[in-house]
Amino acid sequence: MNAAETPVEKWRLRKTRAEATRELLVQRFPRCFMPKGQPKLPLQKGIRQATRAAAPDISARRLHEALSDYVHGRTYLRAMTAGAARIDLDGWPDGIVSEDEAREARVRLRRADRNAAHKGADHGHRDAA
């Protein structure tokens, strides 16, 4: 089995591709996509289709990976508050975040925080062994 075929290596490859594509999105659509670590704004519904139309050279797979990485990040999830404006590729308002969407973001954020805390606790345990 090729080392790149292990689940961990596949995940790392997807993560590397997602980050590279995110950087490309930040360059092309700087009023919409923010760099890692910077505050984010909720994206318009249908952002995937809008981005595919505006950037057909980015494969559907790479775009999916990048957008998934973007919208599942803690900074983005924190921005998903009820009533917050969503933005389009040019940074213009295009819809708002509903209460249900905000609630789902809070659930995902709590889950991400628990997972991070669990990984940190596991890491500390391994170091102590």
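**Pockets, a cavity and helix packing**

The largest pocket holds about 740 Å³ of space. The model is predicted. The lining of this pocket comprises 18 residues. Those nearest its centre are W11, K15, D69, H72 and G73. At least two lining residues come from each of helix 1, helix 3, helix 4 (74-79) and helix 5 (99-128). Helix 5 contributes the most, with 6 residues. By class, the lining of the largest pocket has 5 nonpolar, 5 polar and 8 charged residues.

The second largest pocket contains about 320 Å³ of space. Its lining also numbers 18 residues, and V71, H72, Y76, M80 and R108 lie closest to its centre. Helix 2 (47-54), helix 3, helix 4 and helix 5 each give at least two residues to the lining of the second largest pocket. The most again comes from helix 5, here with 4 residues. The lining of the second largest pocket divides into 8 nonpolar, 4 polar and 6 charged residues.

The largest cavity has a volume of about 30 Å³. Its lining is formed by R22, L25, V26, F33, M34, A66, L67 and Y70. Helix 1 (7-28) and helix 3 (60-71) are the elements that provide two or more of these residues. The cavity lining consists of 7 nonpolar residues, no polar residues and 1 charged residue.

Helix 1 and helix 3 also pack against each other. Their axes come within 8 Å and cross at roughly 85 degrees. The two helices are therefore roughly perpendicular to each other. On the helix 1 side, the contact is made by R14, K15, R17, A18, E19, T21, R22 and L25. On the helix 3 side, R61, R62, L63, E65, A66, L67, D69 and Y70 take part. The contact of helix 1 with helix 3 includes 6 nonpolar, 1 polar and 9 charged residues. R22 and L25 of helix 1 belong to the contact and line the largest cavity. A66, L67 and Y70 of helix 3 are likewise in the contact and in the cavity lining.

The axes of helix 2 and helix 3 lie 11 Å apart, at an angle of about 135 degrees. Helix 2 is therefore oblique to helix 3. The crossing of these two helices is right-handed. From helix 2, I47, R48, T51 and R52 meet A60, L63, H64 and L67 of helix 3. The classes in this contact are 4 nonpolar, 2 polar and 2 charged residues. L63 and L67 of helix 3 meet helix 2. L67 additionally lines the largest cavity.

Note on methods
Residues are numbered from 1 along each chain as its sequence is written. This is a predicted model: local features need pLDDT of at least 70, side-chain atom pairs count only at pLDDT 80 or more; totals for chains, interfaces and linings use all residues. Side-chain values use heavy atoms; hydrogens and water are left out. On a 1 Å grid over the protein atoms alone, a cavity is a set of points where a 1.4 Å probe fits but cannot get out, and a pocket is an open set with protein on both sides within 12 Å along at least five of seven lines; lining residues have an atom within 4 Å of a point. Grid points are joined across faces, edges and corners, and a volume is the space filled by probe spheres set on the points. Ala, Val, Leu, Ile, Met, Phe, Trp, Tyr, Cys and Pro count as nonpolar, Asp, Glu, Lys and Arg as charged, and the others, Gly among them, as polar. Axes are lines fitted to C-alpha atoms, for helices over the stretch in contact, and angles run from 0 to 180 degrees between N-to-C directions. Angles under 35 degrees count as roughly parallel, over 145 as roughly antiparallel, 65 to 115 as roughly perpendicular and the rest as oblique. Contact means heavy atoms within 4.5 Å. A crossing is left-handed if the near helix is turned anticlockwise from the far one by less than a right angle, and right-handed if clockwise.
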